[in-house]
Amino acid sequence: MSLTLVQGLAVDNVPCFFITGNNSAYVTTSPILFAYSQIDTHTGVDLSNNKYVVNVAGKWQFHIQLGITAVTGGGSLYPSIQRTPSGGSAQTFGYSYHAPKNSSGVVSYTHTDQSCVVDCAVG
């Protein structure tokens with residue numbers, strides 16, 4: 001058996017998680033609630049509180065994909081990734097933005113992605 005090394009760490013030791021939502025219904029909450037943890041190599045996923053608790057300090061890459069998003073009328077959509085340090089306030093790291101020029105009652109659908117690199121401490 002061989003292991004691939006990434007900056008001196010075996011890939012099996014690199015924290016990784018993959019969370020999915022509920023694909024059977026539209027989600028209308030903010031923050032977006034995730035339903036299932038598909039991968040969680042360092043048991044940081046906390047679905048009860050809708051968060052991931054970092055257990056290895058360093059720079060982390062986060063990515064969200066919202067498959068279908070809907071905006072009605074003159075509304076807008078701007079999903080973001082937030083970090084909340086222990087005992088601190090939420091900080092936003094970039095966001096996507098979708099604001100179609102719709103007439104009242106007209107719905108526009110789109111696909112939205114957001115990625116960022118965040119310097120994280122444990123916890």
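Q: Is Tyr-52 buried or exposed, and what is its relative accessible area?
A: This is a predicted model, in which local features need pLDDT of at least 70, side-chain atom pairs count only at pLDDT 80 or more, and totals for chains, interfaces and linings use all residues. Residues are numbered from 1 along each chain as its sequence is written, and side-chain values use heavy atoms, with hydrogens and water left out. Buried means under 20% relative accessible area, exposed over 50%, and partly exposed in between (1.4 Å probe, protein chains only). Tyr-52 therefore counts as buried, its relative accessible area being 14%.

Q: What kind of aromatic pair do Tyr-52 and Trp-60 form?
A: Rings of Phe, Tyr and Trp (its six-membered ring) pair if their centres lie within 6.5 Å; planes under 30 degrees apart count as stacked, over 60 as edge-to-face and the rest as tilted. Trp-60 is buried, at 9% relative accessibility. With 5.5 Å centre to centre and 55 degrees between the planes, the pair of Tyr-52 and Trp-60 is tilted.

Q: Which residues form one aromatic cluster?
A: The structure holds five aromatic pairs. One aromatic cluster is formed by Phe-17, Tyr-52, Trp-60 and Phe-62.

Q: With which residues is Cys-16 in contact, leaving aside its neighbours within four places in sequence?
A: Cys-16 is partly exposed, at a relative accessible area of 37%. Its C-alpha atom is separated by 5.9 Å from that of Asp-40, 24 residues apart along the chain. Contact means heavy atoms within 4.5 Å. Leaving aside neighbours within four places in sequence, the contacts of Cys-16 are Ile-39, Asp-40 and Thr-41.
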